[in-house]
Structure formats: structure tokens, C-alpha cells
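Let's walk through this model together, beginning with the whole chain and then visiting a few individual residues. Please keep the structure open as you read.

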Amino acid sequence: MNRLCSSLEPRVMDDHMLKQAVGEQGPQEEAGQLAKQEGILFKDVLSLQLDFQNILRIDNLWQFESLRKLQLDNNIIERIEGLENLTHLVWLDLSFNNIEAIEGLDSLVNLEDLSLFNNRISKIDSLDALVKLQVLSLGNNHISNMMNIIYLRRFKDLRGLSLSGNPIAEAEDYKMFIWAYLPDLVYLDSRRIDDHMATLAAVKHQYSIDELKHREHLIQAQLEDEQARRKELEEHKAAFVEGLDGSFLFDSMYAEDVEGNKLAYLHGVGELLETYKDKFVVICLNIFEYGLKQQEKRKVELDTFNECVQEAIQESQEQSKAWIAKFEEKHLLSLNAIRDESDLASMELRITEYNQDVTELFNLLMTLEMQLIEQLEETINMFERNIVDLVGTFIENVQSLLAQCRDLENHHHEKILEIAINTLEKMVKGELDDDLPDDVRALFVDKDTIVNAVGASHDVHLLKIDNREDELVTRVNTWCTRLVDQIHKDEVARNRKRVKEINQYVEHMQNELDNLDCGDILD
């Protein structure tokens, strides 16, 4: 049981509790008090303390997206949950709760310090995402299997570990085992590890550790191979030619072709099929290699476009900064001159000149923005034409190559039909020497049956080719459309943001004039 008084009612982490905690723990100086009056945004909170609140369930923390430290110890929490949005969290204390399993931590990729002291945990797992973990406190739990230590070897930054108070800590070889299997550990159960003892432990368990390292190396090699294959597949998908670097498409044509597999038993079909497959795969490889080259061309086109856009924006920004710097050099002098002016008529003249300078700056900045819009519009339109042409050429050539696949299929179909008719004639005359399976013989009851069977096989093959072509064309066209649409949307958003910035800056300059303390002369 948790230390909290069992007579207290479990509490919910609602908006009221969170606002109260943020208010009480916020800065106390004048700026902090002002922030409280205006309302502290949850998204700006960096540290949150919710200990001894009798909280049963973690909830409503999704707005605390900047949170780095979270204290939830001494509650009655039963599950680790509701932390998905806390990706910046570095320190998490869930000690003295009723947690039975480690879970719900997959998004906490920046977590360095985790305390689960005094809970009901029996297994160390589900921490894989915590690649930056340095300190792990699991004392006073129910961990009994020494193999849990092996799991912790994957955390290369782990320097502090607490397991005292667990059944595992009562084992005779407890410390020596941990010192040997976690050689980078610096502190165990809050005590610094003696280097000499760690060396003795490593020697004692050397044989087992060497075996473990060998297994870990094999696993790591397999993992790297899998990652490389996954990366390669993503590259192929980006080029829209995945599965075309071998016999996948050809094999898929026969995977669901019941009749075609039966016809393969006919004399002469095996050799014919082998020749067909070789030629078909060559065409697929041509599509594959062509697709990768075209993907590289599209990438170069996109990279060149992005560079042109960034250069244009940077050049416009530099011109804007130059105009603003020139204005600000003059505007401070103008404000001081207005403030120090003792003659009303002269002051009004200076104010008029200042307003004219502000208006001139506004016009200059807006002119620069309009010029940039025109320049980027021309660049975007040119890119759109180029990328559409590249995609169109890619589709046209792929369709031409797939047409060759259809020609091969049609030719193969004619040969299969010829063999099937000859087999039927031999069977009718009793001249067939081949010992065919019963389900194959069933196709030769009459000419219509065997012609329909060959035709059904042919239709399956053509459908597979058509579907692969339709999929490729649809995906590449969709990619192109979405890319161009997103570029236009990004430019609209950039323009709106820039116009807003210009207006805010000019308004700020105007406010500085309005807030000048020149009441004596005006009175």
C-alpha cells in the first residue's frame, strides 16, 4: 500500500489541479506575479510538482509540451500513461506509487533520470525508447530475475542504478554480477562502484560475458541489415519501383493463378515458362533502374528549386534589414528631437516628418515583399512545369516498358494455348504418354474447358500487370500534385507571415511615437 492515508478520496488530474500547481510553483517576483495575473500557459511550463496529491491516474498533461521535469511521487498511480506529448521531459519521478508494469514511456526520448522506486514492478522492460537514460531507480520493487540486468546493457549512457530492496538484491552474486555485466555503471544503490572490485567482477564472469557480447554482436548485425533493407525499400518506394528489382511481379502473377499452375504440368510448358520469366524480369529490371534514375532527377530538381527559393528570400531579407537599419539610425534621433522640442509648431513638423519616414519604410518593405512574391511565383511556376514534365516522361516510358510485358504475356498465352490444344488432340486419340494429375486431366474434357482455363490464366496475368501500372501512375501523380500544392501553400503562409511582421514592426514604430512623454509642451 502507498503511504498516503487510505481514507482520502482518489483525485483526478483535472484543469483546476494543474492550474493551482502551476500558480503555486511559478516565479514569485514581480514579473512572476504579472504572469500569474495574465495567465501562465501550460505549454510554457518547464517543471511541474504533483506529489502527495492522492492521484490515481495520470491525465490532462498533453498541453505541457515544453515540460522538462515532472514529479508524481507519493500518489496512488497504478499505470504509467498520459505522457505521450511530453517529448522534452528529462526528469521523471514516479516513486511511491502502485505501478506494476513499466509502460507508456515510448515518446520520452530525451529522458535522462527515471525514478520508479517503491512500486510493484517485477520486470525491467519497455524502456527501449529512453536512449539517453543516465539514472534509473527501481529500488523496493518485486524484481527477482537476474536476467533483468542483461536488458539494461543496451543503455550506453546509464551511470546510476538502484535496485536495493528487491529480491534480486538478496542474491549472493548480486553486486558482482551487475558490476560485470554493466561495466559503464558508476553508481549502484547510491554508492560509487570501486574500480578494483569491478575488475574482479569482470574477470569472474569473463567467459559468460564474452559469449553474451558475441550474441549481442550477431543481433546488432542482424538489426543493421534489417535497417539497411528497410531504408533501401523506402528509397525504392520513393522512386515508385519497389518490387521491380527481381521476379516479384512475375511471381505474383502465378501466386493466385490456379489454372496456370495446373497447365505447368504440360509437356514443354516448363521450358517455355522459364524463358518467359527471364525476359519478363529483364523488363522489370529496366523499369527499376530507370525509376531510380528518374527519382534522382526529381530530387535534383527539387533541391535546386529549394536553393533558389532560399536565396531569393535571403536576398530580400538582407535588403529589408538594410532599410530597417538605416531607418532606425534616424528614428532614434527623430524621437529624441521630438521629445526635446519646446516649440509646438516645430514639434508638429518633426512628427509629420517621422510619420512620413515610417510610411516610406512601410512602402519600401512592402515593395520588397511584392518583388519577392513575383520572383518566387515565377520560380514556382518554372519548377511546376519541370516536375510535371519529369513525371509525365517517367509515366510514359514506364507504360511503354509495361506494354512490353503485356506483349510477352500475349505471346506466352498463344504458346500455352497451342500446347494445350495439341495435348487435347493427343488425349482424344489416346496418344498422350504423360502421366498428368487428375485435376489437370479434368481440364481436358473438351476444347471449351481447356480454352477457358488458358484464358483465365491469361486474364489473371494481365490484371496483375495492369494493377501494377495503375498503382505506379496513381502514386506518382498524387505525389506530384501534393508536392506542388504544398509549395503553393507554403508560399502563401510565408507571405502572410511576412506581411504581418511588417505591419507589427511599423505599428511598433508608431507606438513609440505615441508613447513619447511630451505632455508639457502639448498642455
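This is a predicted model: local features need pLDDT of at least 70, side-chain atom pairs count only at pLDDT 80 or more; totals for chains, interfaces and linings use all residues.

Residues are numbered from 1 along each chain as its sequence is written, and side-chain values use heavy atoms, with hydrogens and water left out.

Of the 523 residues in the chain, 38% count as buried; buried means under 20% relative accessible area, exposed means over 50%, and partly exposed lies in between (1.4 Å probe, protein chains only). The secondary structure comprises 13 helices and 10 strands, where helices (H or I, at least four residues) and strands (E, at least two) are DSSP runs numbered from the N terminus. The chain is more spread out than a compact globule, because its radius of gyration of 37 Å is well over the 24 Å that the globule rule gives for 523 residues. That radius is taken over C-alpha atoms, and the rule is 2.2 Å times the number of residues to the power 0.38. Along its principal axes, the C-alpha trace spans about 125 × 80 × 50 Å.

Now turn to helix H10, which runs over residues 344-429. At 1.5 Å a residue its 86 residues should span 128 Å, and the end C-alpha atoms are 124 Å apart, which agrees. The expected span is 1.5 Å times one less than the number of residues in the helix.

Which parts of the chain touch? Among contacts between residues at least 6 apart in sequence, 59% join residues at least 24 apart; contact means heavy atoms within 4.5 Å. Helix H9 (residues 269-340) gives us examples, one of them glutamine 294. Glutamine 294 counts as buried at 5% relative accessibility, and, leaving aside neighbours within four places in sequence, it is in contact with Leu390 and Phe394. Valine 269, also found in H9, counts as buried at 3%. With neighbours within four places again set aside, valine 269 is in contact with Leu263, Ala264, Ile416 and Ile419. The C-alpha atoms of valine 269 and isoleucine 419 are separated by 7.7 Å, although these residues are 150 residues apart along the chain.

Loops hold buried residues too. Phenylalanine 155 sits in the loop between helix H3 (148-151) and strand S8 (160-162), and is buried with a relative accessible area of 5%. Beyond its neighbours within four places in sequence, phenylalanine 155 is in contact with Leu127, Asp128, Leu130 and Leu133.

Finally, look at the backbone. Most residues other than glycine have a negative phi. Asparagine 54 has a positive phi, near 60 degrees, and is found in the loop between strand S2 (47-49) and strand S3 (55-57). Asparagine 54 is buried, at 4% relative accessible area. Phenylalanine 240 has a positive phi as well, near 65 degrees; this residue lies in the loop between helix H6 (206-238) and helix H7 (248-255) and is buried, with a relative accessible area of 5%.
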